[in-house]
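The structure is shown first, and the notes follow.

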Amino acid sequence: MCIRFSSVVAKKNERWHSDGVIYPNPTWLGEELLARLAKWSVESKKSEFKSTLSLISILQYSQVYQELKEKYKEMVKVWPEVTDPEKFVYEDVAIAAYLLILWEEERAQRGVTTKQSFVDLGCGNGLLVHILCSEGHPGRGIDVRRRKIWDLYGPQTQLEEDVITPSDETLFPGVDWLIGNHSDELTPWIPVIAARSSYACRFLVLPCCFFDFTGRFCRRQSRKTQYREYLDFVREVGLSCGFHMEEDCLRIPSTKRVCLIGKSRTYPPSEEVWMDEQRTRYIRSRQGYPRSLPGGQPSAAPQVAADREAYRALGAEAKGVSEACTAAHGAGTPAVELWLPGFHPREKAEPVRNCASLPRDFIDQVVLQVANLLLGGKKLHTGSSQEGVLKTWNGGESLSLMEVARELDRETLQRLKRECGGLQTLLRNSHQVFEVLNGRVHLRDWRRELQREKPPEAKRSLSSEAFKTRICWFFTHHPDGCVLPSACCPFAHGPGELRPPQASKKKRQAP
């Protein structure tokens, strides 16, 4: 029997700045890499996805990525959004590097030097648009909601706050590429918009959330993961719109990193009218409309080739229909109509889904239930405990989030699932009671909290403003009461100690 040992040594390097793309996080290297290598070494299962960066040169990608990272790394320091700056900045840098190489290779294949134009639909923070424009590609981004960071880019980065509804009014006939980077409800529509914008229009989508044409995507095949099934659906949309579809895995710090690309068509320009009829029928089939395509197959893509011969036989008749449509609507003036009733763009005001808007009694009920689990079922108080000297204090056990979730009823889990982060977010929001670390939850021991390194001046002043402005949960509910005496506990041991909340310094200075 042969036993092999492996270890990881990460030497400190001044150039090492963890980005999740080229330089992994040292914690991930130490705690996860070896376990994953051991798992991968014995797995025989074939991957569901393409190998990473299979459509471009990896060497060229690494060079371009490093150049862009160095050029745009300052964005991390000035990031005004509440999202994680390192994740979003380095992810968009990586996507930009991929597109720049893909487009450079396309220009070489076509024998042209003019840089491709683009529109990013659902551009979000707009950083990808900013990088591509700064690298010489004319383009713009459109999103339903303006972001704070847009003001930092300058006038050369064109970003528009607008609602995109799939219709004849949302076409981009003069644009080379449409981009859908985590474009949510627009993702399945982007191949359709590209196909109808012009015969020369291409697209790239990076699907994240699972949407169909008019709502959430519903799984139909239990043998596939939901992610794989959704990618296959978007691929099917592209094929049904007449694109040769390609797939690749990007090197980005995200679990959803597969992109789908439509660069060329499966039909000649002369068959555009017939092809658009196939698109319309396929889109309607997703909503349960009756289909008149022969064969009744669930996918329109295989039927495309079969119907093409029939269309060619009716070439003259189809041409007459096309001319009649042009005469009815006017040359160059398409009829304005929604492509499919029931599409709902996202709300301009982003709904709060971090568990903060959940009813207080629901949150209190979950907190009590989880605390009871951690204490091994020991009954919790519903009134105030008595102040006294504690000989022992039951800190409870540590449970994984999965173990906690198994003990919650189905209705509670469904309600939490609709919130971003679900159960984990609710427990982290209940900072006074719980500590969540590495996927495990336990009761917070405030003796350790007070022994930790003193916070900086700003945080000390904030904590002094909040001192005794809330009731101590442990004093009220824990079987052993609070682990701290009243004088040391930052929370009130009973209503008599409560202080009125003070306005923060920012609010006091506001005019």
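Tyr-230 is buried, with a relative accessible area of 0%. The model is predicted, and the values below are computed from it.

**Aromatic pairs of Tyr-230**

- Phe-233 is buried, as is Tyr-230.
- There are 18 aromatic pairs in the structure.
- Another of these pairs joins Tyr-230 to Phe-210; this pair is tilted too, at 5.1 Å centre to centre and 45° between the planes.
- Phe-210 has 13% relative accessibility and counts as buried, since the cut-off for buried is under 20%.

**Ring cluster and charges over rings**

- Tyr-230, Phe-210 and Phe-233 are part of a cluster linked by ring pairs, which also includes Trp-189, Phe-213, Phe-217, Tyr-227, Tyr-282, Trp-339 and Phe-343.
- Over the ring of Trp-339 sits the charged end of Arg-196, 4.6 Å from the ring centre.
- Over the ring of Tyr-227 sits the charged end of Lys-256, 5.6 Å from the ring centre.

**Cysteines**

- Zero disulfides turn up in a search of the whole structure.
- For Cys-209, the closest cysteine sulfur is that of Cys-208 at 4.2 Å, which is too far for a bond because a disulfide needs sulfur atoms within 2.5 Å.
- Cys-209 is partly exposed, at 29% relative accessibility.
- Cys-249 is in no disulfide either, and its nearest cysteine sulfur, in Cys-259, is 8.0 Å away.
- Cys-249 is buried, at a relative accessible area of 4%.

**Helix H9**

- Helix H9 has 14 residues (residues 272–285) and should span 20 Å at 1.5 Å a residue; this agrees with its end C-alpha atoms, which are 20 Å apart.
- Trp-274, Met-275, Gln-278, Arg-279, Tyr-282, Ile-283 and Ser-285 are the buried residues of H9.
- Tyr-282, listed there as buried, is also a member of the ring cluster.

Definitions and conventions. Residues are numbered from 1 along each chain as its sequence is written. This is a predicted model: local features need pLDDT of at least 70, side-chain atom pairs count only at pLDDT 80 or more; totals for chains, interfaces and linings use all residues. Side-chain values use heavy atoms; hydrogens and water are left out. Buried means under 20% relative accessible area, exposed over 50%, partly exposed in between (1.4 Å probe, protein chains only). Helices (H or I, at least four residues) and strands (E, at least two) are DSSP runs, numbered from the N terminus. The expected span of a helix is 1.5 Å times one less than its number of residues. Rings of Phe, Tyr and Trp (its six-membered ring) pair if their centres lie within 6.5 Å; planes under 30 degrees apart count as stacked, over 60 as edge-to-face and the rest as tilted. A charge sits over a ring if NZ of Lys or CZ of Arg is within 6 Å of the ring centre and within 35 degrees of the ring normal.
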